[in-house]
Amino acid sequence: MNETILKMQGITKFIFDSEGIALKNTNVKILENINFDLRRGEVHVLVGENGAGKSTLMKILGGIIPPDEGEIIIDGAPAVFKSAKESKAAGIGFIHQELNLCQNIDIAHNMFLGNEIVKNGVLNMKEMYKRSRELLMSVGFDVNPKTIVRNLSTAQQQLIEIAKAISCNSSIFIMDEPTASLSQNEINILFKLIKEMKSKGISIIYISHRFEELLQIGDRITVLRDGKNSGNMNVSEFNYDELVNMMVGRTLGKMHVCTHVPQETEILRVENLKISKRTLPLSITVKKGEIVGLGGLVGSGRTELAQSIYGARQFPSGDIFYMGSKIRKPSPRSSVQKGIAYLSEDRKLDGLVMEMDICKNVTLTYLDRFFKKKIIFKSRETGIAQKQIDDLHIMCRSMYQLVNTLSGGNQQKVVLAKWISEMPVLLILDEPTRGIDINAKAEIYRLMDKLASQGVAILMISSEMPELIGMSDRIYVMCAGSISDEINKSEGFTQERILQGTLK
Amino acid sequence: MKRSGLKVLALVTVMMLLSVVSFGCTSNTAATTAAATTKSTAGGGKTIAFSLKTITNDDFQKAIADSIQSAVEASGNTFELVTAGDQTNVANQVKQLEDLIAKKVDAIILSPMDANAVIPVLKKAKEAKIPVILVDQTIEAGNEDLYVTYIGTDNFNAGKEAGTKVAEWLSNAGNVMIVRGANGSSAGDQRVDGFKAGIEGTGIKIIGEQAGDWKNDKAMQVTENMLQSNSDVQAIFTASEVMVDGILQALAGAGKTDVKIMAVDGSKKAVDLIEAGDLTGTMAQFPQIMGKTAVDTILGVLDGSIDASKVDKYIDSGTSAYSKDNLADAKKTAF
Amino acid sequence: MEFIIKKKSILLVGIAAIALLIAGSFIPYFYSANNLLNIIRQSSVVAICAVGVTMVIIVLGIDLSVGGIISFSAMVCGTLMKSGTNIFICILAGAAVGLAFGLFNGVMVAKLGVPPFITTLVVGQVAAGLALVLSNGGSIGGFPESYVFLGNGSFLGMPVSNYIMFVFVALGSLFMAKTKMGNRIYALGGNEMVVKQEGINTKKIKIIVYGISGLCAACGGILLSAQLDTVHPIQGEPYLLDTNAACVIGGVSLMGGEGKIYLAFVGAMVIGLVRNALNMLGMHPFYQNVIIGAIIIIVVAVSVWNKNKNIKESKTF
Amino acid sequence: MSVSTKTINRTSSVNQFFRRFVKNNGAIVIFVIIFGFALLFVKNFASAQNMLIIIKQSAVPVIACIGMTMVLMTGGIDLSFGYNIGFTSIVAGLLIKTMGAPVWLGILAALTAGAAIGLGNGILVDKVNVPAFITTLGTGYIVLGAAQIVSKGNTINKLPKNFLAVGQTPVGVFNTTILIAIAVAVIFYIILQRSTYGRALSAFGYNKRASFVSGVATSKIHISVYVISGFMAAMTGILLTIRVNCAQPDLGGGDYTFQIITAAIIGGASLFGGKGTIVGSVFGVLIIKVIENCINLAGVQYFLFQAVLGIVILFAIVFESIKNKKL
């Protein structure tokens, strides 16, 4: 039960210059001489900051890109993957970070995409529906395989991906941050599933940023830093500081700094707002210099609430009072002018213009305010951008680097930069640290604290308990589109209480 | 709930549209002539349809249409105009003829856009016993049984006369350019072929030949360009007057004043241009005659006073060359 | 989504039906079986081309070369026939030419990454140009009876063209619904990355799809020339926009991934029906353009509107 | 040692610069290539007068192409453009010649009409979100019909001198039309490069949702580009009318639309929005006009014209896309 089924030895990947030629002689490498092994029936957790090379390593294993050096050994035999298909054939199932299903076709068609069941030249739908229903059952998900994927929640889609991977009876699973967008009870379902898979002798490579998770399900931990192995550890002898040390090369100070003090003046008051016809009305307030956490499951209506306040979404009924006065017909444009900022959940989708450079992205939001005469003055613009880049320590070649070439953490910083390049009054953060590395996280927490102490009112949506508990002065918990609980710091935040709220 | 509401909306809009259509059909005859409405609402006798390529930016075609319309309405019958919409949309003309047959019009006057394409549908017309008269353009030889008669000016001859005229002007020596119609339009091709035949054997050389697509801007551009390749030109022949304005502009731009221009059609516009000395001459055709004769014949055939089989298959509505010399009569006959 | 498509088909059929009723009530002879069959026959060329174009639009493309291919492939077929070649060979040759042009489109789009709009537009112009070259700008006609029969003959009281069209529509629908390739075409329209990661050669799929579209266009063109008993060097021009319009009216989403071939057929019918109704009404040509434009916009506006509503509702909770 | 590295760096940086230039100015490169070929192989091409002719022919399409580029930058398309030209042409012609209205009034009316049609497109695309392709296709038909109804199919030639003067007054070797085109190009260059509107426009073109969330007035921008396009169509219509001295309902037309779209795309505009430059559009037009000019000069058979033109443009596009892939 303990024999190694996968071995990766001396995997090396060179960096490329702009012409796409590998630079072999530089000492900078994407991956350098990585050794990694996986035993049958274990969950091997792979951690490391963004850009440490986790995803690249997994892409190599998934056959999406080839290694420049080193070899992959499966069941003792060396394997070379020219394509994703080959690695799949070798029994490696890849569950990607961003979802990997065709939204426009139904579950069964998705599951058998690429290896459809064909009876004399024609798709055998009956069989495919039957099989896919069985598979869905095996992951404990009861749904009609004729459902179009678009109508499923993120978590459900993830389950389908897993079922799909199982269907091509993989013995090795790669899960790249599978819980990034899952809510607590969905995570529990997933973990239950993972445990079952282990017991079936399936081994899993699990990439995550969340320590509490790897403690729950991990067996061993391998840490990558700057494309090198920086240490291994058995979960049994887990040590937080040591792990962080391996990851960032130094022990961090306290993650969640909290020096700000909430003031009395009320910035935002929402009264009996219904985020959709079928939900109960809800009311919240946010005070000057206060960080208000908004907890709850994904899909509990947190984002909808934020967008309603910001004006990016219509709502059936309810009043929003901002600095005492009622907002009529809120719209992003009017909100921006009023000093309400909304850092959206998905930076690729609606946070940044990925094809434009850092400078242009940073100045986009307050363009009219910076350049009253409608004409853009280069010097002024670069000044603004440079200041933000320095303040937030955005790692980039120059301010003219396109944002889609930045790492996740830095992209997130750019999103923040574009919102605070003019000091907002009310800052709404939707999952501010989604999928970014521990260093960037700490920086963003520090920044939030700084802003709050400068009197900015912050409303923070978060799915991460430590974040919620560590940063908030007050926490609202949402459930099924309305507020189920309000907790003050004085009462003391506990995971239990928040969880209760989410499940009411 | 909402969705059903939308569906209703959809249907309502369509109903609305179609009622508009139906009003449109009565009102548009009103638009064309007041007389029409009274007559057509009076349901005056027979319905006679005229199908042609287009009357947009084509005075000649328009003139035929108008003369037919007035003749038909004068005789107390109902006129109906069908155009294919542009110079080359053959398939559309055929469809429209099929529709005319389906709605059982009493007679069809047709200016075919293509000598072959209309033959199948004319066979259908014959089956449906709808008499057809061709004007301006004829169809492939060997199908004379399909139509009562063809009234028109032989485009080839028109072109040929134009050729001889130009030869006269240039006293059989010099360079000419040709601005053709749109590629694939038989009328234009015949005129140009005729023109070439006309200057055959003289010392006149063709130093440029490009398609002007019946459009002033295109005609102007190609003329400009041709002048660049060789500005030593004494005359330009264009397949239709609709392109003369552009050509004149091109010549003016190149600062050439002494170039003789020959066109085909014979509209009032052209006569004015001749008078102004911009246009040297044009081969006039007589759409009024075409229209009148066509209608008289068809009405005769319908009321049996004329035996279709006795009518000879080709009636020439005649051509004549307008130029400064015969401006006076030109003014009378021009459309 | 399934559900929405269904709704839309109901909607379209509803529109078509009502249009029929009303138009008919105004128009003598409109209901004559002859005329109805005639409408279908007149729409057959658009419908056949729409089969291919639907697939192209589903993979997030658009095919504006249809017009050119209709002209050129028919011209090839016709010229050969005039030279006395066996009809079947001529037709095959014409079809092959169309296929070739389609595949070329595909290669340009898939391998070189040229935007479909411009590729197909220019390739279409080249094809149309070649048609003119082949015929020195003139038209050719007077084909053997058996050939003309395809376009104008009728069998058991229904025009042969209609049978041919129904075969194409049926084959197309089956292909999309019941084959591996069909499934992958939809998937490709939905999310190319995914299909790639399944180790499926997406470029190949695209090339095939454009090939099919070219083939359909060629067949449409050949049928057209059979109907006219003529090949006109620019006979295809009007079909370029009509075909794409038919697809979109039929609810094929320009965003890719959605659309059913039989609905594109309905779209073609709507256009044909309106045109016919307007002719039957003796509508003045000038006013016809206005009406047709308005109808195109309204039909699509309504279906789009309808669809957005659905999506919104499926999204919230 | 250090020297060698320096030289390496220099060469590579030159190389870099060249790459960047080709990448950002594909149209110019293509133009230079084609122009070079023309100079070498086409008789009578290399004359100052011919250059002037080409510029004259390009002036009006440049204006059109800029209008279209604006729409393309939002990921939309305007198929009604060509028909809009015919409509505005006849409007101006009727008012000024037939009704004898003052020139400025006729022009104003035409521009308003064009802009109004654009507004209609914009509202349908943005508010009702009908796909731009279909909206403008439909409005195209409508506008065509309207033009024919208004004109009853007639054309209006021999227009008043003072109207023609608007576009034909010679200025040095140029004429006012060319100056107008240049002015338009410069103005829009500044708008796109230096104005907040231009910035917001390209942001919108790249990512509609992000720019909406960032408080960009997306609807305004989206509608405005169609209005601009309509306005430019009207300008084109007027200047084209003046150029041929004849107002007619079928001026421009569908082919014209497609030609300027082609020009815009050769000029580097993307149909998926965002990309698109004025310089590119200008050269896109010049490329097409040079090719046409050469075909005429070389006296290519009239029925070969379309095929040859198409093939050459095909090469230009292939070059453009290979460049985009490789660089």
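In chain C, what percentage of the contacts with a separation of 6 or more is accounted for by residues 24 or more positions apart?

Analyst: The model is predicted: local features need pLDDT of at least 70 and side-chain atom pairs count only at pLDDT 80 or more, while totals for chains, interfaces and linings use all residues. Residues are numbered from 1 along each chain as its sequence is written, and chains are lettered from A and ligands numbered from 1 in the order in which they are written.

In chain C, residues 24 or more positions apart account for 80% of the contacts with a separation of 6 or more, a contact being two residues whose C-beta atoms, placed from the backbone, lie within 7 Å. Chain C comprises 317 residues, of which 68% are buried; a residue is buried if 20 or more other C-beta atoms lie within 10 Å of its own, exposed if 12 or fewer, and partly exposed in between, with C-beta atoms placed from the backbone. The secondary structure of chain C consists of 13 helices and 4 strands, which are DSSP runs numbered from the N terminus (helices H or I, at least four residues; strands E, at least two).

Confidence is expressed as pLDDT, the predictor's confidence in each residue, from 0 to 100. Chain C has an average pLDDT of 84, and 88% of its residues score at least 70. Over residues 1-5 of chain C, pLDDT stays under 50, and the model has 9 contacts beyond four places in sequence for them. Residues 310-317 of chain C likewise stay under 50, with 6 such contacts beyond four places in sequence. Where pLDDT is low, the predicted coordinates should not be read in detail.

For chain D, the corresponding share of contacts between residues 24 or more positions apart is 77% of those with a separation of 6 or more.
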